[in-house]
Amino acid sequence: MTDIKELLLSRIRDVADYPEPGVMFKDITPLLADPAAFTALTDALAEIAGRTGATKVIGLEARGFILGAPVAVRAGLGFIPVRKAGKLPGATLAQAYDLEYGSAEIEVHAEDLTAEDRVLVVDDVLATGGTAEASVRLIRRAGAEVAGLAVLMELGFLNGRARLEPALNGAPLEALLTV
């Protein structure tokens, strides 16, 4: 695992003062542009999907789509996008959540999840955990089981794991990298 961690870290670029002064943004686009690194990432996340017994993968808008879709294909599972409110046609389930300044809402198509599903949530970064926590609540409201949450990178200093663990109720939270 050390080799993959080194490969992934070597392809993540720090961008100072983005999106605002004082923030060090972790840009994954160089990783996505490198076929070896992107394949290694996809394989690692697909292995987690297999280990958790997931039947479907949810990707959180927007970079979770980029990571989650190939993970689902590699693992032989269905992929479901969780979108910002108002982006999906048809009947949806919505879940509101609080942000540092204000609130937001995410949605999933109501018919995409069933009681037979075990769902792995995939995203690029676990920061404060608000969106991930809302997705876990949304999955359960749809009647499905949460198989776990897998992310490329956890920003440990933002304490998202502490916020998420009660909502996960024993389901695993796996981060390939912690920064």
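1. The lining of the largest pocket draws at least two residues from each of β2 (24–27), α4 (63–75), β5 (92–99), β7 (118–126), α5 (130–141) and β8 (145–154), where helices (H or I, at least four residues) and strands (E, at least two) are DSSP runs numbered from the N terminus. Among these elements, β7 gives the most to the lining, with four residues.

2. This is a predicted model, in which local features need pLDDT of at least 70 and side-chain atom pairs count only at pLDDT 80 or more, while totals for chains, interfaces and linings use all residues. Residues are numbered from 1 along each chain as its sequence is written, and side-chain values use heavy atoms, with hydrogens and water left out.

3. The largest pocket holds about 1300 Å³ of space, and of its 34 lining residues the closest to the centre are Arg 63, Ala 127, Thr 128, Leu 155 and Leu 158. A pocket here is an open set of points on a 1 Å grid over the protein atoms alone, where a 1.4 Å probe fits, with protein on both sides within 12 Å along at least five of seven lines, and lining residues have an atom within 4 Å of a point. The volume is the space filled by probe spheres set on the points, which are joined across faces, edges and corners.

4. Two cis peptide bonds deserve a careful look: one runs from Tyr 18 to Pro 19, with omega near 5 degrees, and Pro 19 lies in the loop between β1 (13–16) and β2. The other joins Glu 61 and Ala 62, with omega about 0 degrees, and Ala 62 is found in the loop between β3 (56–60) and α4.
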